[in-house]
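This note sets out several points for a colleague who has the model at hand.

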Amino acid sequence: MKTFGIDISHHQRGMNLSIAKNQGVEFVIIRAGYKNRSGYKGKDECFEKFYSEAKKLGLKVGAYFYGDDLNVDSAVDSAKFFLDCIKGKQFEMPIYYDVEGHMVANTNATQLTNIVEAFCKHCEHSGYLVGTYCGMSTRQNEMHISNHWCVWIPAWRATKPNGADVWQFGGETNKIRSNRIAGMICDQNYCFVDYETNIKNRGLNGFAKQEIPTQSIKNTSKDYIYSGLNYAPVFDAEYYARMNPDVSKACAGDAKKLFKHFVTFGMNEARIAHPNFNVKVYRKNYDDLDNAFGNDWTLYYRHYIQFGITEKRKAI
């Protein structure tokens, strides 16, 4: 999947989000707050208005905090302020810590890693799906954060950077499309993850946890064999039906047909088919697999079955 969106702040004051939606925008990530070098914290003056308008238009919404934290205590303080800014709201996209500038230039890798982890963990413990926004060089060379967090990478070029869940492909410079949305220059993004389903199913980001109704599935089996490999560790017919009601309906709730769909289409589409295996989490957790398999999702399923379980690799 690939959806198109923008990230905005007071710099886009007055932007008409209705026009933006008509131009193809499906999600917005709004700056909720910031901390400057002196330690002053402020709420973005356009956050409330942009949030309200986006929700009325049915756009998916995320939020970010521009931090300038130089130690763990400051990062936790920023996280608390950020959570106050977004309290009582619902977000279909993750909430992000913007890691750049002064805080990167004035810390070493260990310090920056601890700062980012402290901010993200505080937000996660408060019930949010959390991510980081930072450049590839920072992510690879300036810190060593866990792959657990959602990944938003700015790279103003024509090719997607490896490992990006959300790719900010352009701003003032844009090599893919016009740099203007609704007549204004703004940062533009592609998202490659179905965050909304994950967030709502887990009851995160202000949403109540959704109960997925159990479906009656026929012709179930404890083993699901395809090309000599047992896919039972990554495929459960009832779970696949619950997580993919469109597929269940098309397959009339038949486990054999559901499994056929999974091996024919589901794996290529990175669909979730087992409560103990999420292929996107598996890929994100292990750089060696990402480097070896790239976007060939089927290889991640097979690797987990053949090696990952024995190696005790984590996939949820």
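1. In what follows, contact means heavy atoms within 4.5 Å, and buried means under 20% relative accessible area. The model is a predicted one. With these terms in place, the buried residues of H13 pack against E13, H10, helix H11 (279-285) and helix H12 (287-293). The buried residues in H13 are Trp-297, Thr-298, Tyr-300, Tyr-301, His-303, Tyr-304, Ile-305 and Gly-308.

2. Tyr-300 is classed as buried because its relative accessible area is 0%. When neighbours within four places in sequence are left aside, Tyr-300 is in contact with Phe-277, Val-279, Tyr-282, Arg-283, Leu-289, Asp-290, Phe-293 and Gly-294. The C-alpha atom of Tyr-300 is separated by 35 Å from that of Val-76, and the two residues are 224 apart along the chain.

3. The whole structure contains 34 aromatic pairs according to the search. In one of them, Trp-167 and Phe-169, the ring centres are 5.8 Å apart and the planes lie at 65 degrees, so this pair is edge-to-face. Trp-167 and Phe-169 are both buried. The rings of Phe-235 and Phe-259 have centres 5.1 Å apart and planes at 55 degrees, and this pair is therefore tilted. The pair of Phe-235 and Phe-259 links distant parts of the chain, 24 residues apart. Phe-235 is in the loop between strand E13 (229-230) and helix H8 (237-243), whereas Phe-259 is in helix H10 (residues 255-266). Both Phe-235 and Phe-259 are buried.

4. Which residues do ring pairs link into a cluster? The members are Tyr-224, Tyr-226, Tyr-231, Phe-235, Tyr-240, Phe-259, Phe-262, Phe-277, Tyr-282, Tyr-286, Tyr-301 and Tyr-304. Among these members, Tyr-301 and Tyr-304 are also buried residues of H13.

5. On the cysteines, the search of the whole structure finds 0 disulfides. Cys-120 is in no disulfide, and the nearest cysteine sulfur, in Cys-123, is 6.9 Å away. Cys-120 counts as buried because its relative accessibility is 0%. For Cys-191, the closest cysteine sulfur is that of Cys-150, at 9.0 Å, which is too far for a bond. A disulfide would require the two sulfur atoms to be within 2.5 Å. Cys-191, at 1% relative accessibility, likewise counts as buried.

6. Is Asn-205 buried or exposed? Its relative accessibility is 0%, so Asn-205 counts as buried. Asn-205 is found in the loop between helix H7 (195-202) and strand E12 (225-226). Beyond neighbours within four places in sequence, the contacts of Asn-205 are with Lys-89, Gln-90, Phe-91, Met-93, Pro-94, Ile-95, Gly-127, Tyr-128, Leu-129 and Ile-199.

How values were computed: Residues numbered from 1 in each chain as written. Predicted model: local features only at pLDDT ≥ 70, side-chain atom pairs only at ≥ 80, totals over all residues. Heavy atoms only, no water. Helix = DSSP H or I, 4+ residues; strand = E, 2+ residues; numbered from the N terminus. Buried < 20%, exposed > 50% of the residue type's maximum accessible area, 1.4 Å probe, protein only. Phe/Tyr/Trp six-rings, centres within 6.5 Å; stacked < 30°, edge-to-face > 60°.
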